[in-house]
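Let's walk through this protein together, one piece at a time. Keep the 3D view open as you read.

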Amino acid sequence: AGAGRVFFISTVGSVAGVLVTAFAFIPNMTNFRAVLALGLGLCCAAAIYALIAPGLLPATKRKLVLWCVIIGVLAAGLFGAKDIYLKRIAAAGDDELVFTVRAELTSVFGNLKVVDVKSAVAAGDAQRFFLQDGLIQNRTTLEYTSISMYTYALEILARNFVPKAERAVVLGLGAGVVAKGLKRAGLRVSAIEINSDVVAAAKSHFGFDGAGIDIKIQDARTFARRCSNQYDIVVVDLFLGDNIPDYLLTRQFFADLRRCVRPGGAVVMNAFFDDEDEEPNRRMRATLKSAFPAVVQFGDASGNVFLVGATGPMPKDISEREIESARVPYQIRPSLDSVLVRKRVISEKFSPRDAIGDENNIFSVLFAAANMRGRQVMAGRLPPWVLVN
């Protein structure tokens, strides 16, 4: 009976712990504050036990209650002074850059932060970073002009491949830059975003008002499965942390996107490639090629890579006028030009086994080493106290 009671209490505690963590701590609190809140709860429980438990000596009760108060006060202090504490214990100081966290949002889809960055040693315009799980997803000026090259590449490639497009859908809202650019070009734009906190951050801190853009809070895979001949352009910008979730890379997903675009339409994708192993990259191209008659790659694995799955004729080379119409800032023109001139029409032959489907999805394994290298590089750009959570 005693053993059964212990196992029962342990099992109830495990189930309750999973439910509270999944539905209370993760969506509503950062990791740092969740651990401190748990500590406060344990201190209160221990203090109550000390006061009501029979058989404890008065001196033992006083000592236990005193330690609960001391630890509880310490946890409460850290709870309220998180940023000050983390800055003081950070191994790397902000010697050249000053970081200011403007907002932090927690959800079941990861931790979001909006961070302003400016130089501590030289004059210059500040930048605003959009971080997801510690990785930079987008950068803008404080006037909300994007200084992330990929946002302009996606817009330019979409308009180049489908110059007479009327409707576009952007899978993955981010800071809202790509959706705004396509709307400014005169298209009717929809945006699919799984995380409502991303929409809130885009509206509050990146000048995205959402006017005239149909925003749907939905998983991109679910949306693609139900979409049929509705859009001229599908922009895929589905990075979550250091790569695209592997279930959004399979031949079934790309087949759904193929049915989503109208005849003559195109899918334009912000992709991640391995710069040390060509096999994952080859399998990615093969998987996209299984759904689209023409696949074109821009850039290379040493930098940014963009893939286009086209259903219409190949367009002319991108003109200077097309680039100017996207209002590309001068400081990122060199990197943008470097990507756009590295154009490669994928003509290599693939076997059906080269395409990766839901039933044998190994993309997370194929890209594991490259993801780790990329995360180390990107995380190295930020001080430790910003990376917490």
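Buried means under 20% relative accessible area, exposed means over 50%, and partly exposed is in between (1.4 Å probe, protein chains only). Strands (E, at least two residues) and helices (H or I, at least four) are DSSP runs, numbered from the N terminus. With that in hand, look at strand 10 (residues 294-299): six of its six residues are buried, so this strand is largely enclosed by the rest of the structure.

This is a predicted model, where local features need pLDDT of at least 70 and side-chain atom pairs count only at pLDDT 80 or more, while totals for chains, interfaces and linings use all residues. Residues are numbered from 1 along each chain as its sequence is written, and side-chain values use heavy atoms, with hydrogens and water left out.

**The whole chain**
- You'll find 15 helices and twelve strands in the chain.
- Buried residues account for 44% of the chain's 389 residues.
- Along the principal axes, the C-alpha atoms fill a box of roughly 85 × 60 × 40 Å.
- Take the contacts (heavy atoms within 4.5 Å) between residues at least 6 apart in sequence: 67% of them join residues at least 24 apart.
- The chain exposes about 19,500 Å², and carbon and sulfur atoms supply 59% of that; accessible areas come from the Shrake-Rupley method with a 1.4 Å probe, and for residues only the protein chains shown count as cover.
- There are 45 positive and 37 negative side chains, and the centres of the two sets lie 5 Å apart. Lys and Arg count as positive, Asp and Glu as negative, and His and the chain ends are not counted. The place of a charge is NZ of Lys, CZ of Arg, CG of Asp or CD of Glu.

- Axes here are lines fitted to C-alpha atoms (for helices, over the stretch in contact), and angles run from 0 to 180 degrees between N-to-C directions.

**Strand 10 and its partners**
- Strand 10 pairs with strand 11 (residues 305-310) in the antiparallel sense over six bridges, and a hairpin of five residues joins the two.
- On the strand 12 (residues 343-345) side, strand 10 pairs antiparallel over three bridges.
- Phe298 stands opposite Phe306 in strand 11, and its bridge partner in strand 12 is Lys343.
- Val296 sits opposite Val345 in strand 12.

- Another open sheet has four strands in the order 1-2-3-4, with antiparallel pairing.
- Strand 1 (97-107) and strand 4 (135-141) are the edges, each pairing on one side only.
- The twist in this sheet averages 20 degrees from one strand to the next.
- Strand 2 (residues 110-119) and strand 3 (residues 127-132) pair antiparallel over six bridges, and Val117 stands opposite Gln127 in strand 3.

**A helix that touches both sheets**
- Which strands does helix 7 lie across? Helix 7 (residues 196-205) lies across strands 1, 2 and 3, running at about 140 degrees to strand 1.

Definitions and conventions:
Pairing = 2+ DSSP bridges.
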